[in-house]
Amino acid sequence: MTIRLGSVPELDVPWGQLSDAVEEMSQRAASAGSYLVDAQAAWAGLKDAYRQPDTELEVHAALAELDGPMQEWTAALAAARDALAAFVAAGRPLQAEAEELAAARPALAAHLAAVLDGDEAQGDNQAERALPRAEAFNGRLASLRADWQALTNETSAALKGISGGTLDSLPPTPLLAASAALPAAPPWASFTSGLNERFGPLTPESYLASLTGLTDQELREWAAANPEGAALLAANKLPVWRMPGSAEAVMAQAMANDAALTEAGIGTIRDAWKELAPGDQERLLLLYPAVFGALNGVPFAKRIRANTITAAGYRETVATRQEQLGAKPDLNDYLPAGQNQHRAHHQRAYLQYTEDLERWQTEHNRLATLRTGLDFAVEHQMQVVMLSLDGDGRIVTMDGALGPGTRTIATLVPGTGADLGQLEAYTRRLDAVNGEPSTGTVSFYWQGTDLPDEVSDNVTTSFNEDGGPLLAAFDHALDLEARPNARTTYIGYSAGGSLLGTGEREGLDSTNIVYVAPAGTGHNVGSPEDTANPDAHRYWLQTRDDPISAAQILGGGYHGPSFWRGGNPTAMDPVRLETGFLRPEDPESLMGGHTDYFRRDSTSATNIQGVIEGTEVSTYVEDQIHQTFSPYGPLIVSPLEQNPEDYAYGNLETVTVESLEK
């Protein structure tokens with residue numbers, strides 16, 4: 001028989017500092033109320049001298065209105081004091097127990113090894129005495145771990161439950177509203193972040209009790225204060241073995257065979273989710289946030305809640321990987337030492353150095369890209385519907401809230417160069433065409449797949465074929481929550497235009513399709529009849545000199561129906577809208593090239609917004625053809641480019657969107 005001694009966790013808590021903090025809180029709690037009493041007494045002698053009709057009533061009442069919050073604050077200090085005092089009282093003996101076990105372990109381990117490795121007669125006799133000691137040691141160790149875990153959970157729950165005396169409990173008087181911001185209340189949630197740092201790794205389940213029941217904002221605050229815990233939860237996957245009938249087993253069965261990629265499968269997932277008890281739904285969201293935060297069929301609001309943890313957790317994961325990547329390779333570390341080394345050795349060393357440097361630089365850039373997007377998502381509290389660290393990162397975000405009052409839904413599919421690091425730039429582009437926020441408008445930024453990094457990377461069908469089904473699946477999930485009569489608009493920009501067309505081929509449907517300088521119409525898509533969305537209203541915006549026109553002619557095999565037919569958007573019979581001016585009041589600001597379609601207040605952005613809202617748009621100013629005797633054929637002239645002053649200052653003709661959609 002063999003037995004292995006368990007490792008002893010290192011507990012090194014500054015009990016003295018915590019005791020001092022408890023004493024300080026006790027003193028503050030006892031004297032806090034007296035400060036307000038003193039202030040009220042002083043004010044009583046002065047208020048008769050204060051006469052200002054506009055503010056005197058608020059000023060006279062202000063201190064009296066602080067009675068309740070002050071009492072709550074005093075109670076909060078006392079509660080924090082009691083929680084920490086209990087932690088100190090129970091924790092000190094546990095640390096002493098850990099130190100005693102740590103001191104005893106080396107001798108016991110050596111004795112156990114000697115007994116088990118000794119001669120047979122002596123070993124059997126001594127083993128009878130040594131093995132019970134080892135079992136008792138391990139029993140004490142297991143009790144220590146369980147007691148420490150229970151203590152930290154109880155302390156965490158106690159601190160989390162403290163809410164009195166925070167800024168939002170102060171009376172909303174005009175005086176307070178006009179004053180400078182008061183100091184923030186103590187971040188009670190952050191007290192829990194370091195309790196287990198010296199104890200060893202925790203399991204995802206150990207966090208569940210302290211997370212269950214938190215509001216969305218409280219969950220966000222917890223994730224910010226506990227990034228390591230968020231990272232652990234974000235990495236958690238469904239177990240391979242699942243208890244029959246458990247929520248994990250039910251959802252795993254519904255998710256099987258890539259169900260989240262088909263309309264029928266997504267419906268099955270939605271039905272299975274609705275059958276779960278609310279408590280089971282919450283547990284799955286908190287324990288497996290990256291899994292259910294990205295699962296089509298789970299309601300978007302629930303996915304956003306789960307991804308509060310996912311985003312913070314992935315941010316910590318990427319930060320850790322950046323630290324682990326280490327410094328940039330140095331050539332001097334590769335060159336062999338000594339003066340008489342053969343030239344071939346130097347060549348091999350240099351080749352190894354260049355390979356390692358390229359690998360390091362690629363990963364360094366990738367992690368920097370991921371970190372940029374995650375920082376923006378977390379710091380701006382983005383509503384994340386899906387998040388992945390695959391490739392250069394994938395993300396789907398939502399602005400607004402789906403509900404009975406939702407009138408318009410817009411989704412932007414980005415183009416070449418889009419990755420997680422471009423989240424801020426594309427969010428601003430979407431904001432520029434989505435109008436003012438309102439309860440009736442919802443918008444999505446959909447970068448739920450990899451997109452080409454460079455223009456040259458577009459010479460393939462893989463981005464369309466990989467991403468098209470994912471985009472269509474997102475639309476199927478959206479259809480389960482959107483009002484049937486909501487006005488929906490998909491905007492495909494650059495390579496995102498052909499991706500959008502491929503998504504239509506796979507089942508995406510929408511009221512409107514807007515092509516913004518698309519790379520093509522979609523792989524194997526040459527007409528509206530090649531899509532599941534033949535009755536959509538289609539619009540097209542593209543400057544007269546956009547270089548993507550070459551891709552539309554030459555790239556049909558990758559982004560259109562075939563090389564022979566090309567990928568020109570005219571095959572989809574769209575209404576062409578004018579791109580006009582960067583600044584409509586400036587005739588010298590004609591829009592050109594490929595990058596400015598989403599410039600706020602430009603003609604192009606205004607037209608996209610008009611389609612989304614169903615208001616007014618400016619149609620394309622057609623070129624004029626002049627017959628000449630030139631051997632080069634007729635002369636084609638753009639009136640807009642020739643006389644821009646005739647169209648600036650609001651002189652572009654507008655029509656109602658309704659008139660175009662009849």
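Visitor: How many bridges join E7 to strand E8, and do they run parallel or antiparallel?
Guide: Three bridges join E7 to E8 (residues 575–577), and the two strands run parallel. Strands here are DSSP runs (E) of at least two residues and helices are runs (H or I) of at least four, numbered from the N terminus. Two strands pair if DSSP finds at least two bridges between them. One of the bridge partners is Val575 in E8, which goes with Tyr539.

Visitor: Before we go on, what should I know about the model itself?
Guide: This is a predicted model, in which local features need pLDDT of at least 70, side-chain atom pairs count only at pLDDT 80 or more, and totals for chains, interfaces and linings use all residues. Residues are numbered from 1 along each chain as its sequence is written, and side-chain values use heavy atoms, with hydrogens and water left out.

Visitor: And what is the mean pLDDT?
Guide: The protein chain has a mean pLDDT of 85, with 84% of its residues at 70 or more; pLDDT is the predictor's confidence in each residue, from 0 to 100. Residues 169–189 have pLDDT below 50, and in the model this stretch has 25 contacts beyond near neighbours in sequence. A contact means heavy atoms within 4.5 Å. Where pLDDT is low, the predicted coordinates should not be read in detail.

Visitor: Back to E7, then. Which strand do five bridges join to E7?
Guide: That is E6 (residues 512–516), and E6 and E7 run parallel. Asn512 stands opposite His537 in E7.

Visitor: How many residues of E7 are buried?
Guide: Four of the five residues in E7 (537–541) are buried, so the strand is mostly covered. Buried means under 20% relative accessible area, exposed means over 50%, and partly exposed lies in between (1.4 Å probe, protein chains only).

Visitor: What's the strand order in the whole sheet?
Guide: The order is E1-E2-E4-E3-E5-E6-E7-E8, an open sheet of eight strands with mixed pairing. E1 (383–388) and E8 stand at the edges with a single partner strand each, so one side of each has no neighbour in the sheet. From one strand to the next, the twist averages 15°.

Visitor: Where does the antiparallel pairing of E2 come in?
Guide: E2 (residues 394–399) runs antiparallel to E4 (residues 441–447), and five bridges join them. Trp446 in E4 is the bridge partner of Val396.

Visitor: Which strands does helix H13 touch?
Guide: H13 (residues 300–325) packs on the sheet and touches E1, E2 and E4, with its direction at about 55° to that of E1. Helix H16 (residues 462–479) also packs on the sheet, touching E2, E3 (408–413), E4 and E5 (487–493), and its direction makes about 155° with that of E4. These angles are between N-to-C directions and run from 0 to 180 degrees; the axes are lines fitted to C-alpha atoms, for helices over the stretch in contact.

Visitor: What about the largest nonpolar core, which residues touch the most other members?
Guide: Among them are Phe300, Phe444 and Phe474, in a core of 76 residues. H16 gives the most to this core, with six residues. A nonpolar core is a set of buried Ala, Val, Leu, Ile, Met, Phe, Trp, Tyr and Cys residues joined through side-chain atoms within 4.5 Å. Beyond four places in sequence, the residues that Phe474 touches include Phe300, Val396, Phe444 and Trp446. There is also a second, separate core of 33 residues, including Leu214 and Leu295.

Visitor: Switching topic: how many salt bridges does the structure hold?
Guide: It holds 23, where a salt bridge is a side-chain nitrogen of Lys or Arg within 4 Å of a carboxyl oxygen of Asp or Glu. Arg305 forms one with Asp216, with the closest N and O atoms 2.7 Å apart. That pair links distant parts of the chain, as Arg305 is in H13 and Asp216 is in H7 (residues 216–225), 89 residues apart.

Visitor: Is Arg305 buried or exposed?
Guide: Arg305 counts as buried because its relative accessibility is 10%, while Asp216, at 46%, counts as partly exposed.
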